[in-house]
Amino acid sequence: MRLVALSDIADMLGGVSRTRATEITNRSTFPDPIDTVASGKVRVWDRADVEAWIRRYRPNQPRGGDDEQP
């Protein structure tokens, strides 16, 4: 399992701001974080869950980050 934090999700969503990523991750359709670290201040998600959400809810979303294909 690979974990992602908010800044990773912002990149995965095509480089949106952290504020916009927070809005998106707070949606009822977005996967629940699998844990909270750093004294409860940092949420982390399973990368596969986030990628599945992007494929379903943003199929035309250009994806950024490490996994971007040319």
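**View 1. Contacts and setting of I24 in the predicted model.** Leaving aside neighbours within four places in sequence, I24 is in contact with L13, F30, W53 and R58. I24 belongs to helix α2, which covers residues 18–25, and its relative accessibility of 0% is why I24 counts as buried, the limit being under 20%. Between I24 and A10, which are 14 residues apart in sequence, the C-alpha to C-alpha separation in space is 9.4 Å.

**View 2. W53 and the residues that it touches.** W53 is a residue of helix α3, and it counts as buried because its relative accessibility is 4%. When residues up to four places away in sequence are not counted, W53 touches L13, I24, R27, T29, F30, P31 and R58. One of these residues, F30, is 23 residues from W53 in sequence, while the two C-alpha atoms are 6.7 Å apart in space.

**View 3. The largest nonpolar core, to which both I24 and W53 belong.** This core has 10 residues in all, and they are V4, I9, M12, L13, I24, F30, W45, V50, W53 and I54. At least two core residues are supplied by each of the helices α1 (6–12) and α3 (47–57), and helix α3 gives the most to the core, with 3 residues.

Terms used. Residues numbered from 1 in each chain as written. Predicted model: local features only at pLDDT ≥ 70, side-chain atom pairs only at ≥ 80, totals over all residues. Heavy atoms only, no water. Core = buried A, V, L, I, M, F, W, Y, C linked by side-chain atoms within 4.5 Å. Buried < 20%, exposed > 50% of the residue type's maximum accessible area, 1.4 Å probe, protein only. Helix = DSSP H or I, 4+ residues; strand = E, 2+ residues; numbered from the N terminus. Contact = heavy atoms within 4.5 Å.
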